[in-house]
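Student: Hi! I have a model open and would like to talk it through with you. Can we begin with the rings?

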Amino acid sequence: MAKLHELADLVGGEIRGNAELEILQVAPIDKAQAGDITFVANPKYLAQLESCQASAVIISPGVEVSGKNLIVCANPYLAFAKILTFLQVLPRPVRGIMAGASVADSAVVDPTVTIYPGCVVGERVTIGAGTTLYPGVMVYSDVIIGNDCVLHANTVIREGCRLYDRVILQPAAIIGSDGFGFAPDGSAYYKIPQVGIVVLEEDVEIGANSCVDRAALGETRIRRGTKIDNLVQIAHNVDVGEDCILVSQGGVAGSSKIGNHCTFGGQAAIAGHLTVGENVMIGGRGGATGNVAPNQILSGLPLMPHKKWLRATMTLPKLPEMRKDLQQMQKRLDELEALLKEK
C-alpha cells in the first residue's frame with residue numbers, strides 16, 4: 001500500500017486530487033475497485049472511465065477527466081509498469097544454497113544467492129550477489145553469472161557462457177547449446193565442434209523455451225537491454241544489438257548482425273550472414289533474405305516497405321476475380337487479332 005503522492009513521486013507525475021489517498025494495488029480499468037489505481041494509455045479506453053470504480057487513474061497530459069483522482073505523466077504505460085512493480089512485486093527471499101542443490105566445491109557463490117533444490121552448478125562457476133536459481137536449473141562448468149539475475153526452472157547454461165547483471169531467463173531457456181554446424185563428408189556430415197560461448201549483456205531477458213546457440217568460434221552476443229520472447233531461435237555467432245525486441249517463434253540464422261533498437265514481429269526470420277541496420281521494424285512473418293538498411297518499417301517475404309505490403313495484401317482476396325477478368329480480356333484480344341488478320 002502507498003499514498004498517491006508517493007506513487008506520483010515514483011513516476012515523476014503530477015497529482016490532481018487527494019494526494020493522501022491510499023492505493024492498494026493496480027487493476028484493469030474494467031475490474032478496478034475502490035483502493036485500486038488503473039491507467040489509460042490508449043484514448044479509446046477513456047470512455048470506460050465513466051463506469052470505472054478505481055480510486056485513481058494514471059493518464060497523459062491534456063486528457064480531461066472529471067471526478068477522479070489522477071496522476072498525470074507523459075508515459076502512462078511506463079508509469080503503470082513502475083507502480084505495479086512497486087506495489088505488487090515482492091522481493092525475492094535470500095535462502096542460500098538449499099538442501100537438494102548440487103554445487104561444485106570450486107564454484108564461487110555470493111552469500112546472497114538463492115539456489116533451490118534440484119539445481120546443478122558445475123566446476124569453477126561464479127554467481128554474483130542477489131541472483132536466484134529456481135529448481136532444475138543446470139549450470140555447466142566455467143560459467144560466469146552476474147548480480148541480480150533470475151534463472152527460472154529448468155533453464156540450462158552451457159559451459160563457459162557469460163551472463164551480465166540483471167539477466168532474466170524464463171523457464172526452459174537454453175543458453176549455449178551447440179550451433180548447427182556440420183561439414184559435408186560425402187553423403188554424410190561431420191560435426192563441427194562448437195567451441196565458442198554465448199554472452200548475454202545487462203538487462204537481457206530470454207523467453208521460455210528459447211535457444212541461444214554457442215558460437216562455433218568466438219561468441220554469440222545479445223547486447224544490453226534486448227528482450228527475446230518465447231520460442232525464439234538465435235543461431236551461432238549472431239550479434240543482436242541493444243534494446244531490440246524479438247517476438248515469439250522468430251529466428252535469426254548464423255553469423256547475422258542485428259543493429260540497435262530493432263523490432264521483429266512474431267515468426268519473423270533473418271537469413272544467415274546478413275546485416276540488419278539500426279531502428280528496423282519487421283512485421284510478423286516477414287523475412288530478410290538480404291542485408292537491410294537502417295531506419296525502415298518492413299513486412300512480407302520478400303521484405304518490402306510496410307505500407308506497400310499492406311496494399312499488396314489487400315489485393316490478394318481479389319486475385320481470383322482479377323484472373324477471371326484477365327482471361328476474358330485475353331480472349332477478347334485474341335478475337336480482335338483474328339479479325340484484324342482476316343481484314
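Tutor: Happy to. One definition before we start: rings of Phe, Tyr and Trp (its six-membered ring) pair if their centres lie within 6.5 Å, and planes under 30 degrees apart count as stacked. Please keep in mind that this is a predicted model.

Student: Okay, how many aromatic pairs does the structure hold?

Tutor: There are 5 aromatic pairs. One of them joins Y116 and Y134, with 5.1 Å centre to centre and 20° between the planes, so by the 30 degree limit this pair is stacked.

Student: Where do Y116 and Y134 lie?

Tutor: Both are in loops: Y116 between strand 10 (114-115) and strand 11 (120-121), Y134 between strand 13 (132-133) and strand 14 (138-139). The pair therefore ties together parts that are 18 residues apart in sequence.

Student: And is Y116 buried or exposed?

Tutor: Y116 is buried, at a relative accessible area of 12%.

Student: Which residues form an aromatic cluster?

Tutor: F39, Y77 and F80 form one cluster.

Student: Can you zoom in on strand 25 and strand 28? How many bridges do they pair over?

Tutor: Strand 25 (residues 211-213) and strand 28 (residues 233-234) pair over 2 bridges, in the parallel sense. C211 has Q233 in strand 28 as its bridge partner.

Student: What about the open sheet of 5 strands: which order does it have?

Tutor: That sheet runs 2-7-6-5-4, with mixed pairing. Strand 2 (14-16) and strand 4 (25-26) are its edges; each has a single partner strand, so one side of each has no neighbour in the sheet. Helix 1 (residues 4-11) packs on this sheet and touches strand 2, strand 5 (36-39), strand 6 and strand 7. The direction of helix 1 makes about 15° with that of strand 7.

Student: How many bridges join strand 6 to strand 7?

Tutor: 4 bridges join strand 6 (residues 56-59) to strand 7 (residues 69-72), and the two run parallel. I58, for example, has I71 in strand 7 as its bridge partner.

Student: Are C161 and C262 buried or exposed?

Tutor: C161 is buried at 0% relative accessibility, and C262 is buried with a relative accessible area of 1%.

Student: New topic: what does the side chain of H236 join in a polar contact?

Tutor: The side chain of Q194, at 2.8 Å. H236 is in the loop between strand 28 and strand 29 (239-240), and at 17% relative accessibility H236 counts as buried. Leaving out residues up to four places away in sequence, H236 touches several others, including F180, D213, R214, T220 and S255.

Student: And T155, what does its side chain reach?

Tutor: It reaches the backbone oxygen of H152, at 3.1 Å. T155 lies in the loop between strand 16 (150-151) and strand 17 (156-157) and is buried at 0% relative accessibility. Beyond four places in sequence, the contacts of T155 include V137, M138, L169 and P171.

Student: Last one, backbone geometry. Which peptide bond is cis?

Tutor: The bond from L301 to P302 is cis, with omega near 0°. P302 is in the loop between strand 38 (296-299) and strand 39 (304-305). As background, most residues other than glycine have a negative phi, and most peptide bonds are trans.

Student: What is the phi of H273, then?

Tutor: The phi of H273 is near 60°, a positive value in a residue other than glycine. H273 is in the loop between strand 34 (269-270) and strand 35 (275-276), and is exposed at 64% relative accessibility. N279 also has a positive phi, of about 55°, although it is not a glycine. At 33% relative accessibility, N279 counts as partly exposed.

Note on methods:
Residues are numbered from 1 along each chain as its sequence is written. This is a predicted model: local features need pLDDT of at least 70, side-chain atom pairs count only at pLDDT 80 or more; totals for chains, interfaces and linings use all residues. Side-chain values use heavy atoms; hydrogens and water are left out. Two strands pair if DSSP finds at least two bridges between them. Buried means under 20% relative accessible area, exposed over 50%, partly exposed in between (1.4 Å probe, protein chains only). Contact means heavy atoms within 4.5 Å. Axes are lines fitted to C-alpha atoms, for helices over the stretch in contact, and angles run from 0 to 180 degrees between N-to-C directions. A polar contact is a pair of N or O atoms within 3.5 Å; within protein, one must be able to donate a hydrogen and the other to accept it, and residues adjacent in sequence count only if both atoms are side-chain atoms. Rings of Phe, Tyr and Trp (its six-membered ring) pair if their centres lie within 6.5 Å; planes under 30 degrees apart count as stacked, over 60 as edge-to-face and the rest as tilted.
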